[in-house]
Amino acid sequence: MMPGVDGYAVLAQLQENPDTSEIPVMFLTALADPQDEERGLELGAADYINKPIKPAVVLARVSTQLENKRTRDWMKNQNAALEAEVSRRVAEKHALQSQLLQSEKLASIGLLVAGIAHEINTPVGFVNSNLGTLRDYADDLLNVLGHVADALETDVVLSREWVRLMRERLKDIDFEYLRQDLPNLLTESRDGLDRVKKIVADLKNFAHVDSDEWQAVNLNAGLQSTLNLVWNELKYKVSIDKNFGDLPLVNCNPGRINQVFMNLLVNAGQAITKHGTVTLKTWEDGGLVHVMVRDTGCGIPGDLLGRIFDPFFTTKPVGTGTGLGLSLAWGIIHGHGGRIDVDSTVGIGTTFTVILPVAGLAGAAAD
């Protein structure tokens with residue numbers, strides 16, 4: 001009931017000012033109507049005391065509000081400290097996940113080094129052999145052409161004897177065979193270098209140097225390039241059945257998604273002991289892209305199926321698996337706003353289906 005501005009307005013001004021907004025405000029007033037008290041408390045008053053007052057009661061209530069304020073300040077500081085600790089631990093967790101991902105990726109690449117080396121050495125070997133043969137061909141041809149050039153420089157009419165000698169030289173170098181074989185050698189060498197170029201391109205596509213970069217990519221291409229890299233691990237006992245659908249570009253981290261594909265393909269191959277089939281199928285449905293990897297391997301027992309994504313859990317013999325592959329794969333897909341479904345029957349096989357949103361996860365670039 002103050003002149004010019006009442007207590008309700010003073011309370012509003014105090015709450016609007018950041019310097020005073022957290023200070024407890026008590027109403028001390030002659031307005032004894034319950035509606036006035038209700039209004040004051042609704043607006044944010046800490047207490048409402050009617051006149052006439054009793055000093056001891058007022059002091060007790062002030063002491064209570066001061067203690068409440070100290071408690072709130074302490075809790076605020078504790079919350080800030082807890083938030084800082086949570087942020088620190090989240091950062092440590094991300095760093096650890098990144099290290100584990102890199103370790104698993106290096107382990108996977110290490111597993112494939114021998115196969116990739118074989119795939120590269122084979123074309124490089126026959127290209128090198130072809131170059132040796134081409135060098136011999138070139139020496140013979142240049143020798144013959146040298147005699148022709150010398151004769152042309154003399155401006156002398158070529159004799160029958162010279163022509164006979166040239167025919168003898170062409171016969172000595174088996175010119176007819178050389179004329180047929182030389183283009184074949186060049187074609188084989190070019191094909192071999194194209195194979196090496198393709199392997200390098202697949203490695204680059206798999207590794208993605210900018211590992212934290214999110215892009216709009218074709219998952220069919222990523223799955224195919226990853227299959228090319230692991231093929232040496234699969235080709236002796238696995239037949240591939242591919243059914244790639246028309247997919248929209250998916251916003252994702254392609255290097256990490258390819259790591260998931262590699263893990264699923266290698267696992268599928270290892271689940272097959274003698275000979276079997278790995279089926280790859282992709283499709284889009286309702287803004288979600290599905291990538292299915294199905295094998296006709298040994299299958300996973302039902303009591304273990306719920307644990308396969310747990311860190312360090314593995315059904316493989318000791319020394320043949322880290323138990324991190326599927327756990328990291330689940331983390332990668334979850335970080336993309338997707339999921340991995342699994343279905344398995346012992347003796348029949350296992351199906352993993354990666355499901356990713358086409359648009360990607362909001363704010364995913366900060367992953």
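Predicted model: local features only at pLDDT ≥ 70, side-chain atom pairs only at ≥ 80, totals over all residues.
**A chat about helices, strands and salt bridges**

Biologist: Is Ile-333 buried or exposed?

Modeller: Ile-333 is buried, because its relative accessible area is 0%, and buried means under 20%.

Biologist: What does Ile-333 touch, if we skip residues up to four places away in sequence?

Modeller: Ile-333 then touches Ile-257, Val-260, Gly-338, Arg-339, Ile-340, Val-354, Ile-355 and Leu-356.

Biologist: And how far apart are Ile-333 and Arg-256 in space?

Modeller: The C-alpha atoms of Ile-333 and Arg-256 are 8.8 Å apart, while the two residues are 77 apart in sequence.

Biologist: You listed Arg-339. Which residue does Arg-339 form a salt bridge with?

Modeller: Asp-341 is the partner of Arg-339, and their closest N and O atoms are 3.1 Å apart. Arg-339 is partly exposed at 44% relative accessible area, and Asp-341 is partly exposed at 30%.

Biologist: Why can side chains pair like that?

Modeller: Side chains of opposite charge can pair when their charged atoms come close.

Biologist: How many salt bridges are there in the whole structure?

Modeller: A search of the whole structure gives 9 salt bridges. One of them joins the side chains of Lys-76 and Glu-22, at 3.1 Å from N to O.

Biologist: Where do Lys-76 and Glu-22 lie?

Modeller: Lys-76 is in helix H3, residues 55-154, and Glu-22 is in the loop between H1 and strand S1 (26-29), so the pair ties together parts that are 54 residues apart in sequence. Lys-76 has a relative accessible area of 46% and is partly exposed. Glu-22, at 43%, also counts as partly exposed.

Biologist: What about Arg-88 and Glu-85, how many residues apart are they?

Modeller: They are 3 residues apart in helix H3, so about one helical turn separates Arg-88 from Glu-85. Arg-88 and Glu-85 form a salt bridge, with the closest N and O atoms 2.5 Å apart. Arg-88 is partly exposed at 38% relative accessibility, and Glu-85 is partly exposed at 27%.

Biologist: Changing topic. At what angle do the axes of H1 and H2 cross?

Modeller: The axes of H1 and helix H2 (residues 34-43) cross at roughly 10 degrees and come within 10 Å. H1 is therefore roughly parallel to H2, since angles under 35 degrees count as roughly parallel.

Biologist: Which residues make the contact?

Modeller: On H1, Tyr-8, Leu-11 and Gln-15 make the contact; on H2, Asp-36, Arg-39, Gly-40 and Leu-43 do.

Biologist: What lies in the segment before H1?

Modeller: Val-5 lies there, ahead of helix H1 (7-16). Val-5 is partly exposed, with 32% relative accessible area.

Biologist: Which residues form a nonpolar patch with Val-5?

Modeller: Met-2 and Val-10 form the patch with Val-5 on the surface, and together the three have about 210 Å² of accessible area.

Biologist: One more: where is Thr-279?

Modeller: Thr-279 is in strand S6, residues 276-285. Thr-279 counts as buried because its relative accessibility is 18%. Apart from neighbours within four places in sequence, Thr-279 is in contact with Asp-241, Met-292, Val-293 and Arg-294.

Conventions. Residues numbered from 1 in each chain as written. Heavy atoms only, no water. Patch = residues over 30% accessible without salt bridge, like charges linked within 9 Å, V, L, I, M, F, W, Y side chains within 5 Å. Areas by Shrake-Rupley, 256 points an atom, 1.4 Å probe, with all protein chains shown as cover. Salt bridge = Lys/Arg side-chain N within 4 Å of Asp/Glu carboxyl O. Helix = DSSP H or I, 4+ residues; strand = E, 2+ residues; numbered from the N terminus. Buried < 20%, exposed > 50% of the residue type's maximum accessible area, 1.4 Å probe, protein only. Axes fitted to C-alpha atoms, helices over the stretch in contact; angles between N-to-C directions. Parallel < 35°, antiparallel > 145°, perpendicular 65-115°, else oblique. Contact = heavy atoms within 4.5 Å.
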